[in-house]
Amino acid sequence: MAGILAGGDVEALRSFGEALGYLFQLTDDLLDVKGNQKKMGKTLGKDEKEDKLTCIKVFGLETSERMAKNCAERCLNCLDGLKGLDTSFLRDLTNFVLKREN
């Protein structure tokens, strides 16, 4: 909403939000498989034990990692379309979600 009020392109912001949501889910699934349990503060491998339908289960580890990177690129490309707006927070958020450890 703030981006729209600041004059941002509605479609670019919608696309950014969608890509960020996918990125978050991908990294969440990836972290459940290869995260650091101490940093995560929760039991890893829970998704597999509960037989959850995850990105890893559907696409495999390597493809899911590639998809996460592609989603992050999509986020950043959407932000490139928001000329004249300070998108540094959203860029930092995208990179944090991509590289988060906990």
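Leucine 53 sits in the loop that runs between α4 (46–49) and α5 (55–59). The model described here is predicted. With a relative accessibility of 71%, leucine 53 is classed as exposed, because the threshold for that class is over 50%. Together with Val58 and Phe59, Leu53 forms a nonpolar patch on the surface, and the accessible area of these residues together is about 330 Å².

## Packing of α6 and α7

Two packed helices are described by the angle between their axes and the distance between the axes. For helix α6 (residues 61–80) and helix α7 (residues 88–99), the angle is about 180 degrees and the axes lie 10 Å apart. Helix α6 is therefore roughly antiparallel to α7, since angles over 145 degrees fall in that class.

On the α6 side, the contact involves Ala68, Lys69, Ala72, Cys75, Leu76, Leu79 and Asp80, which meet Leu90, Arg91, Thr94 and Leu98 of α7. Within this contact, the side chains of aspartate 80 and arginine 91 also meet in a salt bridge, with an N to O distance of 2.7 Å. This pair links distant parts of the chain, with aspartate 80 in helix α6 and arginine 91 in helix α7, 11 residues apart. Aspartate 80 is partly exposed at 37% relative accessibility, and arginine 91 is partly exposed at 24%.

Side chains of opposite charge can pair when their charged atoms come close. The structure holds 7 salt bridges. One of them joins glutamate 11 to arginine 14, at 2.6 Å from N to O. These residues are about one helical turn from each other, because they stand 3 residues apart in helix α2. Arginine 14 also forms a salt bridge with glutamate 18, where the closest N and O atoms are 3.2 Å apart. Here the separation in helix α2 is 4 residues, so glutamate 18 and arginine 14 are likewise about one helical turn apart.

Relative accessibility places glutamate 11 at 44%, partly exposed. Arginine 14, at 42%, is partly exposed, and glutamate 18, at 36%, is also partly exposed. Glu11, Arg14 and Glu18 belong to a network of salt bridges that includes Arg74.

## Serine 15

Where in the fold is serine 15 placed? Serine 15 is found in helix α2 (residues 10–34). Its relative accessible area is 17%, so serine 15 is buried, the limit for that class being under 20%. Leaving aside residues up to four places away in sequence, serine 15 touches Arg74 and Cys78.

Key
Residues numbered from 1 in each chain as written. Predicted model: local features only at pLDDT ≥ 70, side-chain atom pairs only at ≥ 80, totals over all residues. Heavy atoms only, no water. Patch = residues over 30% accessible without salt bridge, like charges linked within 9 Å, V, L, I, M, F, W, Y side chains within 5 Å. Areas by Shrake-Rupley, 256 points an atom, 1.4 Å probe, with all protein chains shown as cover. Salt bridge = Lys/Arg side-chain N within 4 Å of Asp/Glu carboxyl O. Helix = DSSP H or I, 4+ residues; strand = E, 2+ residues; numbered from the N terminus. Buried < 20%, exposed > 50% of the residue type's maximum accessible area, 1.4 Å probe, protein only. Axes fitted to C-alpha atoms, helices over the stretch in contact; angles between N-to-C directions. Parallel < 35°, antiparallel > 145°, perpendicular 65-115°, else oblique. Contact = heavy atoms within 4.5 Å.
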